[in-house]
Amino acid sequence: MTRRAASMASRAAPRAGGGTERSLDQSCIDTIRTLAMDAVEQAKSGHPGTPMALAPAAYTLWQRVLRYDPADPAWPNRDRFVLSNGHASMLLYAVLHLAGVADKSRNGPAVTLDDIKRFRQLGSRCPGHPEYGHTAGVEVTTGPLGQGCGNSVGMATAGRWLAGTFNRPEMTLFDYDVYAFCSDGDMMEGVASEAASLAGHLKLANLCWIYDNNHITIDGPTKIAFDEDVGRRFAGYGWNVLHVEDANDTERFARALEAFRHTGDRPTLIILDSHIGYGAPHKQDTSAAHGEPLGEDEVRLAKRSYGWPEDAKFLVPEGVYENFRNGIGKRGRALRADWSRRFETYRQRHPDLAARLEAMERRDLPAGWDAEVPSFPPDPKGLATRDAAGKVLNAIAQRYPWFIGGAADLNASTKTALTFDGAGEIEPGEPAGRNLHFGIREHAMGAVLNGLALCGLRPFGSTFLIFSDYMRPPMRLAAMMRLPTIYVFTHDSIGLGEDGPTHQPVEQLIGLRAVPGLVVLRPADANEAAQAWRVIIGLDGPACLVLTRQKLPTIDRRELAPAAGVARGAYVLADADKGRIDVILIGTGSEVTVCLAARQALAGEGIGARVVSMPSWELFERQGQAYRDEVLPASVPARVAVEAASTLGWDRYVGPRGAIIGMHGFGASAPINDLMKEFGFAPENVVEAAKAQVALWRRHDQESPAGVA
Ligand SMILES: Cc1ncc(C[n+]2csc(CCOP(=O)(O)OP(=O)(O)O)c2C)c(N)n1
Ligand SMILES: [Mg+2]
């Protein structure tokens with residue numbers, strides 16, 4: 001036993017059989033610890049050490065402080081608990097189980113003892129890391145360090161927004177707090193720092209992070225890479241910083257939580273010194289306690305140090321469930337019942353607001369949300385899709401009161417400022433505005449959007465497409481959680497011009513298309529942009545709207561197909577003149593216009609070209625085979641795809657021998673017209689590729705007559 005471990009063990013809980021009466025509180029804490037140890041042991045994988053260390057803090061928070069009704073884990077004004085150090089998932093599962101958190105959809109408990117026994121196994125409610133939507137009571141999917149911290153800032157911002165929107169002087173509907181447990185890794189990740197900085201700016205006094213300061217990460221002691229003064233850093237962000245020197249000192253911790261609740265002007269960080277693997281004589285305070293089973297012998301010794309029966313597995317001693325029922329159970333039920341009564345009175349006094357809140361909770365859209373979506377007249381000069389989309393965004397947001405968002409300091413470029421009357425800013429003293437200034441913090445923006453969406457708001461965030469790279473992790477998680485977050489990405493290609501290759505996206509589109517469940521839309525003109533917004537608003541998962549900086553002609557729809565085709569992902573915009581389709585030109589965004597010009601030139605040479613506008617692969621893939629065949633008939637193998645981005649993946653639509661005009665490297669700094677020509681996004685080049693395709697397939701047909709492959 002290390003000296004430190006020995007000293008900790010000597011301070012361990014009173015022994016069950018050792019004369020001193022074990023307190024019920026201590027039993028509950030040790031139940032959390034031993035359930036975590038046993039579950040990891042049984043799964044032969046997982047993270048036992050942190051639940052063992054944080055059990056007293058989790059117990060104290062849930063049992064004594066959290067305003068949460070286990071019978072209704074979706075109650076709108078519940079305090080939120082985020083486990084940003086998601087690897088400690090067993091801590092959360094043990095608490096959800098012991099507190100009796102219900103899964104209303106299953107009419108049973110969120111987590112059974114059996115789920116815990118099947119930790120990390122297929123079908124268990126206890127997957128390796130907490131998954132939102134999979135386990136009732138899990139507020140957000142966590143595991144990638146730093147994300148939960150970022151999400152908690154969104155949740156706290158949403159709490160303030162809900163309070164500012166719905167509370168009335170005589171009646172408070174919203175005053176929830178957000179607690180996040182986080183680890184050394186969370187503190188090291190940039191996203192948490194960005195989010196903390198934003199939270200400090202917004203003075204989110206309803207936000208409390210509990211930092212598990214255990215000086216251990218996977219590769220060893222934190223001192224190999226991390227020695228900054230976290231407390232001073234957070235003080236610099238404008239946080240209230242408290243320190244609890246012993247994670248086992250539940251009274252001190254409770255006092256710190258109390259201090260948080262009395263701090264009305266800034267967020268709180270509680271630095272909690274803990275011992276990873278607490279009580280395990282050979283592994284405590286070492287990284288060996290982080291991410292692998294302790295081993296049978298060590299488990300026994302740890303249990304002995306707690307005064308626990310060494311042979312018992314998955315033991316929940318008598319009185320433990322009852323204790324939770326009498327603590328958080330009773331308190332939560334009373335709080336929620338009181339809230340529900342209040343809400344009934346509220347509904348009578350403010351029926352419209354009550355209905356709005358219920359619509360938000362159901363993620364309904366307000367009636368008439370699209371009544372003012374403009375349509376754009378044909379115009380050969382046209383406008384940039386960012387400008388068209390900005391107008392549409394404002395038209396929708398004005399009629400969609402809980403649709404909020406902003407930019408990572410690029411509103412002037414992304415055109416996402418909400419400018420209608422009454423669309424105020426979200427600021428420390430103005431929590432219920434509609435414009436949220438994220439600052440130059442794309443990663444935090446993504447994580448905050450997730451937190452906002454988890455609390456019922458419909459959030460959007462914008463930046464340049466190139467900087468979507470800075471926010472991929474939360475976008476991926478939004479897709480995993482099926483959150484209806486919206487990303488507006490402008491400056492979508494080399495078409496942005498002189499800023500050059502650092503700002504010109506190449507591989508971003510295909511990267512975003514690769515995220516399961518994320519819908520990417522790259523409209524070709526103003527009316528497609530309007531249509532894209534309509535589609536996005538109706539989605540129940542995340543979407544990217546990809547827009548140009550440069551002007552694009554507004555296509556004359558009197559002769560060509562209506563932009564309503566956007567909803568199907570791809571549609572025949574213009575068909576071959578005399579009905580015979582020799583070649584199909586497929587374009588997205590700004591390259592659709594290039595395809596239209598090529599079609600005309602080809603017609604002059606007697607070649608019939610169909611132009612397919614394909615703003616969204618994902619939406620097209622959701623169509624039935626019949627529609628897809630109609631748009632891209634197998635009988636026309638001559639195909640050219642044109643997109644000013646990586647060519648990767650386009651063979652899916654043009655076939656292995658089709659032509660793809662795209663980017664094969666990075667762009668360059670130059671005026672747009674020079675770039676478009678240089679990189680081949682000019683009608684002449686498309687014409688040439690189309691003719692080569694037609695020739696190729698004519699040759700092919702001659703060489704292998706019909707019926708022969
Ligand atoms: C973004 C990210 N990078 C890496 C990991 C892999 N990982 C999981 S936990 C961890 C660090 C563990 O140290 P700490 O955060 O202090 O947690 P503790 O072991 O103290 O609970 C790492 C690197 C991750 N989950 N997320
Ligand atoms: Mg650590």
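## Cysteines

A disulfide is a pair of cysteine sulfur atoms within 2.5 Å, and this predicted model holds 0 disulfides. The sulfur of C28 has its closest cysteine sulfur in C126, 18 Å away, which is too far for a bond. C149 is likewise in no disulfide, the nearest cysteine sulfur, that of C182, being 4.1 Å away.

Both C28 and C149 have a relative accessible area of 0% and count as buried (under 20% relative accessible area, with exposed meaning over 50% and partly exposed in between, for a 1.4 Å probe and protein chains only).

## Magnesium site

The magnesium ion (ligand 2) is coordinated at 2.1 Å by D184 through OD, by N214 through OD1 and by I216 through O. Donors here are N, O and S atoms within 2.8 Å of the metal (3.2 Å for Na, K and Ca), and since water is not among the atoms, sites may look incomplete. Along the chain, the donors of this magnesium ion follow the spacing D-x29-N-x1-I.

## Basis of the values

Residues are numbered from 1 along each chain as its sequence is written, while chains are lettered from A and ligands numbered from 1 in the order in which they are written. In this predicted model, local features need pLDDT of at least 70, side-chain atom pairs count only at pLDDT 80 or more, and totals for chains, interfaces and linings use all residues, whereas side-chain values use heavy atoms, with hydrogens and water left out.
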